[in-house]
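Please open the structure in your viewer and keep the selection panel within reach. The tour below goes from one selection to the next and says what is there at each stop.

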Amino acid sequence: MKVTNLDERIHVLDNSSNVLSVIKRIANSGVQEEAFYIFDVGDIVRKHQIWKEKLPRVEPYYAVKCNDNITVLEVLAALGTGFDCASKAEINKVLNMGVSPSKIIFANPAKPASHLRYSSSVGVDIMTVDNESELHKIKYLHPTAKIVIRIRCDAEVALCPLGIKFGCDATTEAPNLIRTSRTLGLDVVGVSFHVGSGCQDPPVYLRAIRMARDLFDFAKEVGFKPYLLDIGGGYPGDKNTSIDKMADTINQGIDECFNTDDVKIIAEPGRFFVASAFTLAVSIHSKRSVRGDKTCPNVTTHNMYYINDGVYGSFNCLLYDHQTVKPLPLKNGSGKMIPSSIWGPTCDGLDQVVENVLLHEMELGDWFIFENMGAYTLPVASTFNGFPVPKVHIIAENHIWRSLKNNSPITEEHFVMGNVPDNLNYGLDIGGSDMVTWTNAKVEISANNLLIDSSNSSNFIYDYVEVDPLK
C-alpha cells in the first residue's frame, strides 16, 4: 500500500531513545500544546511473539474495531495475522492493504444487507450467524457464504459482556440453526464463541470449547464437514498482564476436543495486541484550587485539573469499555500530596477522567501520561466541542525496523530515520524533511506565559477564591 503525504511514517529510534524520552522531548519542546499519542510498533511485534509461543495452534484474526489505525493493521498484516471485520468499511480497509479475502472473517452476527452484498462481491465468505433470520438473509444475498454458528458462553467476569447481544444457546438453538442451514443449502463450516471482552475467567474457554465439540459432531451427523473453530476474543493486553492462564486452559481444551490438524483454530484478539502499544500524553490547561475548610481558609483541600483530552475523546473508554486509567505526572513532584480530580476540556459535567487521586501540586502546562491507551479509544473518539482527537506519533526500535521493512504491506517507505525526538517536536512530515511552521514556536507553555497579559506586562498570574466544598 502506498503511503500518502498525509500519513506519518514510522520513526526509527536511535539507541538512546524510547517511548518516555520521546514523550518528554515533545512535551518539553515549548511548542506542543495538544494531547498526543506515542505508538510503539515494537510492542505489537512482541505481543505477536508471545501469542505464537503461548497459543501455537491458534491463528490470530485481529479485531479491527479495537483500533483501526492504518499502521496497526499494516504491521499485523506484515506479521501474517488474519482480521475480524464487522462492517463493509472494515473489510474494505483491510482488503486495500492487499490482504486476501480468505484472511477475513465477517464476525458480526447481525449484518446489514448492503454489507452482505459487499462481502459477496469481494469474496469474503466466512461469517458468523446466531439466528434463523440471518440465515435466510444470507441465502438470498450471499448463498456461497461459509457459515460459522456463534454460540453463547459468558465469562463470569468480563469488562464487556457480549452474550446479552450475541450468541445462540448451544443446546437448543444452535442445532436448529445447523438443520436450517442444511435445508437452505448453506454450508456450515464451524462454530464460534466470544466469552466477553476483557475476560477474567479462564475456565470459561474450556466450557465453550467442549460445547463447540458437541456441535461439530452434530453438524457431521447432519451432513456437514466443519473445519473451523473460532474461540473469539477477551484476552488482556495491558502492561503487566498475562494470557498464560487463558492459554493453558485453551490448549487443554484443544488437546482434549480438537487434537487433529483437520480443524483450523482461530481467535479474535483485539486489546491483547494494541492496549499497551499506545501511550497518551495530555497537558493541564486550567486549574481550580478548592479551599473547603473554613477554619483554614488558605489551605487547599482539593485541586481540579483540566486537561486537553477527555471522555468525549480518548477517555471514552471509561464510559464504553469500563476501563480505569492511572495518571502519571511526567515530572517528579515533591511536598504534600493533595486530593485531586482530573477533568476533560469540554463544557459537559460528565467529562471527568479521574474522580479522586492523590497528586503533588501541579501547574498549568504540566503533563500527565496515561499508559495502556490503545484499545477502544481512538476509534470511538469524537471532536465534541471542537476539541481535536490527539495525533499519533509512531516509533520503532532499530531491530523492529529491520524485521518488518520487507514484509508486505510494510516497505522501506513506511520508515524515516534520524534524530526522531527532534523531528517529532516540529511535526516532521511524510517526506522526512519539511517541517510544520509553528507561529508560537518560541512561546513556552507554562503558567507564567499563559496568564501574563502582554498588553501591560503585568506579573499578575492568578488569585485564589473561596468556593464551596466538592459534593
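**A first stop at a salt bridge**

Begin by selecting Lys111 and Glu134, which form a salt bridge whose closest N and O atoms are 3.2 Å apart. Keep in mind throughout that the model is a predicted one. Lys111 lies in the loop between strand S5 (104-106) and helix H5 (113-122), while Glu134 belongs to helix H6 (residues 132-141), so the pair ties together parts that are 23 residues apart in sequence. Are these two residues buried or exposed? Lys111 has a relative accessible area of 1% and is buried, because the limit for that word is under 20%, and Glu134, at 3% relative accessibility, counts as buried too.

**Further salt bridges**

The search of the whole structure finds 16 salt bridges, and a few others can be visited now. Select Arg213 and Asp217, whose side chains meet in a salt bridge of 2.9 Å, N to O. Both sit in helix H8, and because they are four residues apart there, about one helical turn separates them. Arg213 is buried, with a relative accessible area of 17%, whereas Asp217 counts as partly exposed at 33% relative accessibility.

Next, select Lys405 and Glu412, where the side chains meet in a salt bridge of 3.5 Å, N to O. Lys405 is buried, with a relative accessible area of 18%, but Glu412, at 40% relative accessibility, counts as partly exposed.

**Into the nonpolar cores**

Which residues touch the most other members of the largest nonpolar core? Select Phe83 and Phe315, which hold that place among the 112 residues of this core. Helix H8 (residues 203-222) gives the core its largest share, eight residues. Apart from this core lies another one, of twelve residues, including Leu13, Val22, Ile26 and Trp367. In soluble globular proteins, nonpolar side chains tend to be buried together.

Return to Phe83 and show its surroundings: leaving aside neighbours within four places in sequence, Phe83 is in contact with several residues, among them Tyr61, Tyr62, Leu73, Met97, Lys103 and Ile105.

His302 is buried, with a relative accessible area of 10%.

For the surface, select Leu319, Tyr320, Leu350 and Val380, which form a nonpolar patch with about 370 Å² of accessible area together. Val380 is found in the loop between strand S18 (367-370) and strand S19 (391-396), and at 37% relative accessibility Val380 counts as partly exposed.

**The whole view**

Finally, clear the selection and display the whole protein, whose secondary structure comes to 14 helices and 20 strands. Buried residues make up 53% of the 471 residues, and the protein exposes about 21,300 Å², of which carbon and sulfur atoms supply 50%. Among contacts between residues at least 6 apart in sequence, 71% join residues at least 24 apart.

Technical notes: Residues numbered from 1 in each chain as written. Predicted model: local features only at pLDDT ≥ 70, side-chain atom pairs only at ≥ 80, totals over all residues. Heavy atoms only, no water. Buried < 20%, exposed > 50% of the residue type's maximum accessible area, 1.4 Å probe, protein only. Helix = DSSP H or I, 4+ residues; strand = E, 2+ residues; numbered from the N terminus. Contact = heavy atoms within 4.5 Å. Areas by Shrake-Rupley, 256 points an atom, 1.4 Å probe, with all protein chains shown as cover. Patch = residues over 30% accessible without salt bridge, like charges linked within 9 Å, V, L, I, M, F, W, Y side chains within 5 Å. Salt bridge = Lys/Arg side-chain N within 4 Å of Asp/Glu carboxyl O. Core = buried A, V, L, I, M, F, W, Y, C linked by side-chain atoms within 4.5 Å.
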